[in-house]
Amino acid sequence: MPELVDVRTGAYYDSVTLMQVSKRIATTPGITAAQVAMGTELNLEVLAGMGFTLPDGIGVNDVVVALHGESQEALDSGVAAVDSALAELTAASRSAGTGFGAAPEPVTLGGAIAAGDADLALISVPGEHASAEALDAIEAGVSVMIFSDNVAVEDEVALKDAAAARGVLVMGPDCGTAVVSGVALGFANVVAPGPVGIVAASGTGAQQVICLLDAAGVGVSHVLGVGGRDLTSEVAGRSTKQALAMLAADEDTESILVVSKPPAEEVLADLESYAAGLGHPVRWAILGAGRPDLTASVESALSASGVEVPAWPTWGSVEGVVPGGVSGGGSLRGLFCGGTLADEAMLIAGEALGPIRSNIPLSPELALGSDMAADGGHVVIDFGDDGLTQGRAHPMIDPALRHERILAEGSDPTCGVLLLDLVLGYGAHPDPAGELAEAIRAARATAADGGRELPVIVSLVGTQGDPQGLERCASALAEAGATAYLSNAEATRAAVAYLTGTSTPRRDVDSIPSRSQFDPVEAATAAGTGERPGAGSAVALPREPVVATVGVGLFSEALADQAVTVTEARWQPPLAGSDTAALRSVLLDQRREAANKLAFDRMTAAGADFVDVRPASEAVGLEKGTFLHAGPPLDWERASGPMKGALIGAMLFEGMADTPEEAEAKLAAGEGITLEPCHHRDAVGPMAGVVSPSMWMYELHDPVHDNRSWCSLNEGLGKVLRYGAYGPEVIERLQWMNSVLGPLLQQAIRKAERIDIKAIVAQMLQMGDEGHNRNRAGSLMLLRELLPNLITADGSPSDIAEAVRFSGANEHFFLNLGMPACKLATLAAHGIPGSSIVTTMARNGTDFGIRVSGTGEQWFTGPANTPEGLFLGSYGPEDANPDIGDSAITETGGIGGVAMAAAPAIVKFVGGDVPFALQATQRMYAITQGEHPAYQIPILEFRGTPTGIDVTKVVRTGILPQINTGMAGRVAGVGQVGAGLVNPPKECFTAALTALAATS
């Protein structure tokens, strides 16, 4: 049969979306099998099991399109249908932010929280990425539900400790259910408001409890899931304590019920002691050997509250059950979507049937093999377990794997009864009963063909208000020949009764000695006050939640269906090549948040006073034969054309060679020649950035941190050294700058004593400049400050006139002062342990390099990209050299390309359009620490410029800093060939992340 397997890189879609696409493609005429999925190990196994031949090297962030068709024409149609479906998804995403220069959609949970002013958050991204999103919520002071599974337990502990310090709650990870002030999160049922607050270390356990309470006419105030591991020894009830305190402080909660799968006994004892001090009624529905089931615990709570316990609903009947205590024989096969329901079934059935093997066994020796084979014995499988959901939607959304197993059990003669669950509510499959009924009907028909009756018993967890319709689902199951029970415990006992011919006794709460019985009078006496302990320190739960989500779009849709205000982040995996473990390590570094805040505060507080002009030999101590250059370290052999040209020109200027050929030979030999980055002397240089000892430099001082920085004088336009030109006119101009311009500027600034460059930057941003490729207003303001002293300097009138003309004719005159001003800002932020803020971005025409505050002087480099933009005259892309210059220090300091919105006219110089300029700046807020308090952008309602590029945010979002720049010609001496836009290579940031992780 014709087959197509297409691996697509550079795209990510959540598993639910791809499941929906797969179903849509499967309806294409001539397509016999279709699967569109991310390339996780589990999905690749499924594809191989479907008969597809897969190429090597498929990664977890690759989309795999696999089709079987009746003909090549059918496959072509299938591919077209896939392309159309994915294009629709992309278009829908892009259209969400519309309008002239509208802000892009948030791509992280932190961005969504800020955009929507959310006070509650929901995460459902793949587990290895969930911690990063959760930290966003915690740092924003927002409680967060982590639906994601496969989160490392050490990450869970760190997150919950961080949340406790902020007074917020982490619900999860692997938290399937929560209800906050009536808002259902994840998988949750529609229940009436009421007096009972639930704390649940169990998703489907919580759903079972609230559905039973609903059937008894009792509503809930909140259901706070805490994750299935919260009551383990490793996590030690961290979130449970936080949730108990919140509910004890909640005015709508009169009593609390704690629900959990089997806990660590020492953790349960500690929680019981903690709860006893809350001065609030707390009861327990805790599964475990010798403990009551959830139904019994709910019945006990109802009785304690004076509520009559109803007869729990059942629907349909099991055909073929032998009355009169006669065994039906065979083995139990429990196929569950809910882990707690599976646990409860094993605890109940195990007392009568003996050992039950499972992928979530009650004891290790009962673990199933990886093939989940029953081998004739009793088996219970949790299809929602972490091992079966990597890269796949939860079975309550996509039940395909379970349906396959149901069909297989129909042909297994050792299967005596099928015990299933079906959980309704928000977030779950819209018609779960219809598809399950088909699978049940098919399995029973297969069994009948084999001469046996296959009873099917279903635990139907739902309420009358659930969107799927409880009665409709029950009728569908009954018509398929199944019996449904609202109580999972009753369903399990019915299945056991069929196999054994005897009933299984239930264990009541009151028959078990327990520390967990609460005496409100005794507790109030112990507390010595009528107030609730812990109420003063607990953070109040939101009364009308505003929710931010990241991950599965289905959950956002479910919130919108409840008329909840929700902001969804359009999440993508981190930068390709990044180390996920390193990212988690850096994000969970307890120093990071405070370190980044300190770096940002220092960066934005730094001053920048223009105080002097001096030769480089005096200013930065350059000796003969030492040449500074732009970018990270570089040797002659690897230097680009413009860099080599600039170095040749500097040799000629310094008199170290008489001809270009002699200069080149001496530079290649390297004897007596030292090449050093400007940044190693706290200096910066535009384009090639070459500085020799005799060249004059601007000197700036930061009075706040007492740092100094330097930059060469701007040569003006045309053929200049910084673009690699070294002809006679270039050398003559440099000599004039040395003999005339430098000394005159020195006199002018020394008479003025200081000029506040930071203040000029703040003003020019509000006058149409962005500080990198547009400096018109800044240059004029600088001249305004200099001219009174320049025209009265000690010099000939012609020299002064030429100096004024030269400076006034150069629109980029200010750039060489704006650059060291930004250098002072980043220098103040450098060297802070634990900080992930970028303090240097620089290019040498071959490499792009960054340095990071928390990693000291280490450079992280990658190949410099070639800018894309507009070209001068007849020049084109083939004439442009890769990115070059230290001027990216402007973007590092919060102006330049990251502030393009301040200068929409810049697009006439670098390309793009005005909406692009606005969106470019708004996109930069996603990767920066904060907004500069002094540098503001009028068109964005005077928002501060995005400042403090954060390595972790760049890696997480895949958004690279935006730089606008001039383009140098590849050939030395050609000069400027255009201007455009460029981004750093991603390798700089992934390498920096790895180094940061090594320090954490």
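A salt bridge is a side-chain nitrogen of Lys or Arg within 4 Å of a carboxyl oxygen of Asp or Glu. With that in hand, here are some close-up views.

The model is predicted, so local features need pLDDT of at least 70 and side-chain atom pairs count only at pLDDT 80 or more, while totals for chains, interfaces and linings use all residues. Residues are numbered from 1 along each chain as its sequence is written, and side-chain values use heavy atoms, leaving out hydrogens and water.

**View 1. Asp375 and Arg357 meet in a salt bridge.** The N-to-O distance between these two side chains is 3.8 Å. The pair links distant parts of the chain, 18 residues apart: Arg357 belongs to strand β15 (357-358), and Asp375 lies in the loop between β15 and β16 (379-382). Helices (H or I, at least four residues) and strands (E, at least two) are DSSP runs, numbered from the N terminus. Asp375 is exposed, with a relative accessible area of 67%, whereas Arg357 is partly exposed at 26%. Here buried means under 20% relative accessible area, exposed over 50%, and partly exposed in between (1.4 Å probe, protein chains only).

**View 2. Glu156 forms a salt bridge with Arg229.** Their closest N and O atoms are 2.8 Å apart. Is Glu156 buried or exposed? Glu156 counts as buried, at 1% relative accessibility, while Arg229 is partly exposed at 28%.

**View 3. Glu802 and Arg805 pair within helix α26.** The salt bridge between their side chains spans 2.6 Å, N to O. Both residues lie in helix α26 (residues 797-808), 3 residues apart, about one turn of the helix. Glu802 is partly exposed, with a relative accessible area of 29%, and Arg805 is partly exposed too, at 46%.

**View 4. Five residues join into one network.** Salt bridges that share partners connect Asp612, Arg614, Glu699, Arg708 and Arg750. How many salt bridges does the structure hold? There are 44.

View 5. Cys337 is buried at 6% relative accessibility, and Cys678 is buried at 1%.
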